[in-house]
Amino acid sequence: GGADCAPLQSDEPTILTENDLCELRPDDLPARVSEAADEHWQREVASHPQGSRSLRRALRIAFGGPFVAAAGFKFVYDSLQMVGPYTLKELLAYLKTCDVDCE
């Protein structure tokens, strides 16, 4: 197996090797990914005439779900990253007015 995927704890420079990589999930192994792509391509060939077959459509159906989920998480993350500075600005403005009112 691979490393236990813990972060490196040493200050010494370390050369990483293939043994330091984490194991892939079974669904992410090249053989399984290839099978899924081939299965969806065969469905595409069987259900569409010669001129309207689309490799992009077959790959989107085979692998699109995780990418759509990742895009949703990325959107939320980016939105929260953008909200932080505005929230801090408003908090500082509030504290500034509080200082003036309290004196």
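Select K74 first. In this predicted model, K74 is partly exposed, at 47% relative accessibility. K74 and D78 sit four residues apart in helix α2, so about one helical turn separates them. D78 is partly exposed too, with a relative accessible area of 35%.

Next, select R57 and E44. Their side chains meet in a salt bridge, 2.6 Å from N to O. R57 belongs to helix α2 and E44 to helix α1, so this pair ties together parts that are 13 residues apart in sequence. E44 is buried, because its relative accessible area is 4% and the cut-off for buried is under 20%.

Move to R25 and D28. Here is another salt bridge, at 3.2 Å from N to O. R25 counts as exposed, at 53% relative accessibility. D28 counts as partly exposed, at 36%. The structure holds five salt bridges.

Which helix gives the largest share of the lining? It is α2, with four residues. Helix α1 (30–47) also supplies at least two. By type, the lining has six nonpolar residues, four charged and no polar ones.

Last stop: select L88, L91, L92, Y94 and L95. Together they make a nonpolar surface patch, with about 510 Å² of accessible area. One of them, L92, is in helix α2.

Terms used. Residues numbered from 1 in each chain as written. Predicted model: local features only at pLDDT ≥ 70, side-chain atom pairs only at ≥ 80, totals over all residues. Heavy atoms only, no water. Nonpolar A, V, L, I, M, F, W, Y, C, P; charged D, E, K, R; others polar. Patch = residues over 30% accessible without salt bridge, like charges linked within 9 Å, V, L, I, M, F, W, Y side chains within 5 Å. Areas by Shrake-Rupley, 256 points an atom, 1.4 Å probe, with all protein chains shown as cover. Salt bridge = Lys/Arg side-chain N within 4 Å of Asp/Glu carboxyl O. Buried < 20%, exposed > 50% of the residue type's maximum accessible area, 1.4 Å probe, protein only.
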